[in-house]
Amino acid sequence: MIEFEPDRFRWEQITDTLRQRITDGTYPPKHLLSEVQLMQEFGVARGTLRKAMQRLRDEKLIYTIPNLGSFVGQRTEPSAADRPASD
């Protein structure tokens, strides 16, 4: 269980943690995000976790297939506009 900051919503902190795990490759594309395991890991209720998962869906980092679960989306390469200019 992580130690939550008292001045921020828990779902926001969980979202940040999951986002980091997705972007750093800890959770690779198509990785199943188990609600039960994450609820136990973070020590939160299902509603709190689902709010975090909804934010990740809104950001297109995960997708949900009804009756199967939520999965990490495919990473896309940054567009030329997003890449730093080379010298």
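**Reading the strands, the helix and the patch**

Analyst: In β3, T64 has S70 as its bridge partner. This is a predicted model, in which local features need pLDDT of at least 70, side-chain atom pairs count only at pLDDT 80 or more, and totals for chains, interfaces and linings use all residues. Residues are numbered from 1 along each chain as its sequence is written, and side-chain values use heavy atoms, with hydrogens and water left out.

User: How many bridges join β2 to β3, and in which sense do these strands run?

Analyst: Strands (E, at least two residues) and helices (H or I, at least four) are DSSP runs numbered from the N terminus. Two strands pair if DSSP finds at least two bridges between them. Here β2 and β3 run antiparallel and are joined by 4 bridges. Their hairpin has 3 residues between the strands, and N67 there takes a positive phi near 70 degrees. Strand β1 (residues 32-33) also pairs with β3 in the antiparallel sense, over 2 bridges.

User: Is L33 buried or exposed, and what does L33 touch?

Analyst: In a regular strand the side chains alternate between the two faces of the sheet. L33 belongs to strand β1 and stands opposite S70 in β3. Buried means under 20% relative accessible area, exposed over 50%, and partly exposed in between (1.4 Å probe, protein chains only). L33, at 5%, is therefore buried. Contact means heavy atoms within 4.5 Å; leaving aside residues up to four places away in sequence, L33 touches Y27, L38, M53, I62, S70 and V72.

User: Which residues of α1 are buried, and what do they pack against?

Analyst: An α-helix has 3.6 residues a turn, so residues three or four places apart point the same way. In α1, the buried residues are W11, Q13, I14, T15, L18, R21 and I22. They pack against α2 (35-42), α3 (46-58), β2 and β3. After α1 comes G25, with a positive phi near 90 degrees.

User: Which residues make the nonpolar surface patch?

Analyst: A patch is made of residues with over 30% relative accessible area and no salt bridge; like charges are joined within 9 Å, and nonpolar side chains (Val, Leu, Ile, Met, Phe, Trp, Tyr) within 5 Å. A salt bridge is a side-chain nitrogen of Lys or Arg within 4 Å of a carboxyl oxygen of Asp or Glu. Here Y63, I65 and L68 make a nonpolar surface patch of about 260 Å², with accessible areas from the Shrake-Rupley method and a 1.4 Å probe. L68 lies in the loop between β2 (62-65) and β3 (69-72) and is exposed, with a relative accessible area of 56%.
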